[in-house]
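Trainee: I am new to this structure. Can we go through it together, one question at a time?

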Amino acid sequence: MGAKVLAVANQKGGVGKTTTALSLGAALRRMGKRVLVLDLDPHACASIHMAYYPEDPGATVYEIFQAKPGEWADIWKKVIHSGQGLGCDFAAGSIRLPGLETDLKARPGRGAILTGALKELREEYDHILMDCPPHVGVLLVNALVAADLVIIPIQTDFLALHGLRLLFDTIRTLNRALPGPINFRALPTMFDRRAGACRRVLNLLRKKIGQKMFETVINLDTNFREASARGKVIFEIDPNSRGAVEYSILAKEIVAYENA
């Protein structure tokens with residue numbers, strides 16, 4: 001079967017997409033899995049976090065989308081880097097990614113480019129994670145179509161529910177064109193058990209989404225902010241912290257789900 005492809009997506013920013021992609025990738029690697037993280041967000045937050053800066057020369061995922069199918073294998077070798085403290089491999093994003101909307105406008109099958117490109121890597125990894133952009137476009141569509149599972153981080157805040165509705169609208173639209181429905185699971189993030197509003201949102205999500213939610217809930221943890229400031233993942237700051245433990249639990253839940 002090869003690698004499981006996981007897209008971390010939500011059409012609202014600031015809900016923990018990048019934190020989830022990097023922390024979950026590191027957690028899976030700590031379980032002995034072969035992991036690749038792709039930064040598909042034009043803001044390149046994951047790349048900057050991993051010390052790959054937009055102004056630096058070098059190949060990025062932008063080149064994958066521009067390449068012809070026969071070129072993918074060679075370009076992946078240039079794009080993929082060792083993840084340093086992340087422990088897994090990493091492919092940086094680019095501020096040029098928004099240009100793909102125009103560049104690929106006339107390209108047949110443009111929504112499935114990433115699906116084809118990832119076939120070159122499926123036997124090299126156990127998991128491929130994608131940090132997705134927060135807006136609908138060719139990048140998000142490619143990620144959703146390529147994914148075996150879409151992980152939707154949802155901040156436990158009432159305003160965050162609006163972005164969830166937008167993403168579900170996108171998924172329903174794609175499902176009408178795809179041979180099978182897009183598989184997804186929601187992940188509550190930034191949960192503060194002391195706040196009644198957070199508890200109400202979490203209960204509402206469980207009522208509305210039910211089995212489409214992970215059992216794992218990611219609580220607030222200042223170590224996430226510290227990790228981001230230092231260009232590290234939370235496991236490098238404190239592997240026994242609440243956030244690190246919860247992403248480890250999430251990794252185990254995902255593996256168990258895949259093996260069920």
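Trainee: Which residue lies over the face of F184?
Mentor: Keep in mind that this is a predicted model. A Lys counts as sitting over a ring if its NZ is within 6 Å of the ring centre and within 35 degrees of the ring normal. At 5.0 Å from the ring centre of F184, the residue over the face is K212.

Trainee: Which strands stand at the edges of the sheet?
Mentor: The open sheet has seven strands, in the order β3-β4-β2-β5-β1-β6-β7, with mixed pairing. An edge strand here has a single partner strand, so one of its sides is left without a neighbour in the sheet. The two edge strands are β3 (80-81) and β7 (184-189).

Trainee: Which residue in β4 stands opposite H81?
Mentor: Start with the strands. β3 and β4 pair in the antiparallel sense, over two bridges. Opposite H81 stands F90.

Trainee: How many residues apart are Y52 and F90?
Mentor: Y52 sits in the loop between α2 (45-49) and α3 (61-66). F90 belongs to strand β4 (residues 89-91). Both residues are buried. The pair links distant parts of the chain, and the separation is 38 residues.

Trainee: What kind of pair do F224 and Y247 form?
Mentor: Look at the distance and the angle. The centres are 5.8 Å apart, with 85° between the planes. Over 60 degrees sets the class. The pair is edge-to-face.

Trainee: Which helices does the F224 and Y247 pair tie together?
Mentor: The two residues are 23 apart in sequence. F224 counts as buried because its relative accessibility is 16%. Y247 also counts as buried, at 2%. The helices are α10 (residues 222-229) for F224 and α12 (residues 242-259) for Y247.

Trainee: Which element gives the largest share of the lining of the largest pocket?
Mentor: The largest pocket holds about 620 Å³ of space. Of its 33 lining residues, those closest to the centre are G16, T19, M190, F224 and S228. The elements giving two or more residues are α1 (17-30), α2 and α10. The largest share, six residues, comes from α1.

Key:
Residues are numbered from 1 along each chain as its sequence is written. This is a predicted model: local features need pLDDT of at least 70, side-chain atom pairs count only at pLDDT 80 or more; totals for chains, interfaces and linings use all residues. Side-chain values use heavy atoms; hydrogens and water are left out. Helices (H or I, at least four residues) and strands (E, at least two) are DSSP runs, numbered from the N terminus. Buried means under 20% relative accessible area, exposed over 50%, partly exposed in between (1.4 Å probe, protein chains only). Rings of Phe, Tyr and Trp (its six-membered ring) pair if their centres lie within 6.5 Å; planes under 30 degrees apart count as stacked, over 60 as edge-to-face and the rest as tilted. Two strands pair if DSSP finds at least two bridges between them. On a 1 Å grid over the protein atoms alone, a cavity is a set of points where a 1.4 Å probe fits but cannot get out, and a pocket is an open set with protein on both sides within 12 Å along at least five of seven lines; lining residues have an atom within 4 Å of a point. Grid points are joined across faces, edges and corners, and a volume is the space filled by probe spheres set on the points.
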